[in-house]
Amino acid sequence: MMVVMAPHATPEEIDNLTKSIEAQGFSAHRSDGKEQTVIGVVGIVERDVDPRQFEVQKGVAQVVRISSPFKLASRQFQTADTVVAISDRLAVGEREVVLMAGPCTIENAAQVEAIAPTVKKAGAKIMRGGAFKPRTSPYSFQGMGEEGLKLIRRAADAHGLAVVSEVMDRSQIEMMLNYVDILQVGARNMQNFDLLKDLGKVRKPILLKRGIAATVQELLLAAEYIMAGGNRQIILCERGIRTYETSTRNTLDLSAIPVIKSQSHLPIVVDPSHATGIRALVAPMARAAIAAGADGLLIEVHNQPERALCDGAQSLLPAQIEELATQISGIARAIGREFSAAA
Ligand code: PEP
Ligand code: MN
């Protein structure tokens, strides 16, 4: 942390600030510039410090954080990319980009049985489908719960697919571990710290989605919660953030991909379905996400989107996911990565 003193800070103000830094157990390293004095706060005490406690002091212009507030999730802590192993044959964060696809929500056996071979054919390795749905309205379909998980597991197994599904509450974790390969934390739960802490004790990968109003730093701090608990197997997911733009459901922040790649070693995938909310926009943004360096995609696909219980308008049709997969293959190759569209 660096404290930048105001141009006309008095020697007494500088002295007072230095004393208060030292009183906190840090050492103050002073550097006198031509116009301003800068004080480096260097600490051996490994605890979080609220920069405001220095900011409010007399004669201080600005406090700048130097070391990142997240440690385990940071590139400084680990320079090599994290590869999240889903099974002994499948990993996220390697050269190959990974497609996760399936319905917004599990509706019945026939639905997941129809969608599983479709996404498999397109080259998906992981089937998505919610059994617990965080719906904005309490009157909307809330998901099938454990019965739904049984259905998606069976449909995915029949086609050699892994399963990702959302966990909404700590009480669901243990039961869900019997059915899923990856536990998804939805945007609305990104800062459910008790849930994140419990997921730190889990020994399965976590797909952590960015909150609708979360900064990249807040996303990485949410990942830090899980990592601090001992689970380092985290896949981040950019799914759009809420802005003043109304022509799309959210605004897809593609720059978050290279930003996260520079700040963290964790893999990141993109969900263009919830980011745009509109079927016609999903493929262009999926292509852009791969071009920008995403490690994979999370895409909603439905065999009968017009009859879907949830998010039909943003779900791709079977033919559309196949066409997109072929395009992804070409884009991945162009940037030195791989995606095999054919199952
Ligand atoms: C989902 O992926 O099913 C979902 C609800 O997405 P989000 O949490 O990003 O809104
Ligand atoms: Mn959805």
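Predicted model: local features only at pLDDT ≥ 70, side-chain atom pairs only at ≥ 80, totals over all residues.
**Entry: around the ligand**

I listed the residues around ligand 1 and wrote down R128, K133, P134, E166, Q184, G186, A187, R188, K209, R239 and H274. Then I sorted that shell by type, and it splits into six charged, three polar and two nonpolar residues.

I went back for two more of the side chains. R128 has a polar side-chain atom 2.7 Å from an oxygen atom of ligand 1. For K209 I also found a polar side-chain atom, and it sits 2.7 Å from an oxygen atom of the ligand. How much of the accessible area of ligand 1 does the protein cover? I noted 97% of the 290 Å² that the ligand has on its own.

**Entry: the whole chain**

Next I zoomed out. I counted 11 helices and 14 strands in the secondary structure. The chain has 343 residues, and 52% of them count as buried. I also boxed up the C-alpha atoms along the principal axes, which gave roughly 75 × 45 × 40 Å.

**Entry: helix 1**

I picked helix 1, which runs over residues 11-23 and has 13 residues. From its first C-alpha to its last I get 18 Å, close to the 18 Å expected at 1.5 Å a residue.

Which residues of helix 1 are buried? My list reads E13, I14, L17, T18, S20 and I21.

**Entry: another positive phi**

I kept going with phi angles and stopped at D311. Its phi is positive, about 60°, although D311 is not a glycine. I jotted down the background: most residues other than glycine have a negative phi. Where is D311 found? I traced D311 to the loop between strand 14 (296-300) and helix 11 (318-334).

**Entry: the loop between strands 4 and 5**

I looked up two residues in this loop. T82 sits between strand 4 (60-64) and strand 5 (84-85), and R75 is in the loop between strand 4 and strand 5 as well.

Is T82 buried or exposed? T82 has a relative accessible area of 9%, so I put it down as buried. Its side chain makes a polar contact of 3.0 Å with the side chain of Q78.

R75 has a relative accessible area of 19%, and I noted R75 as buried because the cut-off is under 20%. I then looked along the chain from R75 to Q263, which is 188 residues apart from it, and their C-alpha atoms are separated by 5.4 Å.

**Entry: helix 4**

Helix 4 covers residues 146-157, and E146 belongs to it. At 31% relative accessibility, E146 counts as partly exposed. How far apart in space are E146 and I39? I got 56 Å, C-alpha to C-alpha, for a pair that is 107 residues apart in sequence.

R153 is in helix 4 too. I found R153 at 16% relative accessibility, which counts as buried. The C-alpha atoms of R153 and V180 are separated by 7.2 Å, and the two residues are 27 residues apart along the chain.

**Entry: one glycine to finish**

My last stop was G200, in the loop between helix 6 (193-199) and strand 11 (206-209). I wrote G200 down as buried, since its relative accessible area is 0%. From G200 I went to E224, 24 residues apart along the chain, and found their C-alpha atoms separated by 9.2 Å.

Terms used:
Residues numbered from 1 in each chain as written. Chains lettered and ligands numbered in written order. Heavy atoms only, no water. Near = heavy atom within 4 Å. Polar contact = N/O pair within 3.5 Å; in protein donor to acceptor, adjacent residues only side chain to side chain. Areas by Shrake-Rupley, 256 points an atom, 1.4 Å probe, with all protein chains shown as cover. Nonpolar A, V, L, I, M, F, W, Y, C, P; charged D, E, K, R; others polar. Helix = DSSP H or I, 4+ residues; strand = E, 2+ residues; numbered from the N terminus. Expected span 1.5 Å × (residues − 1). Buried < 20%, exposed > 50% of the residue type's maximum accessible area, 1.4 Å probe, protein only.
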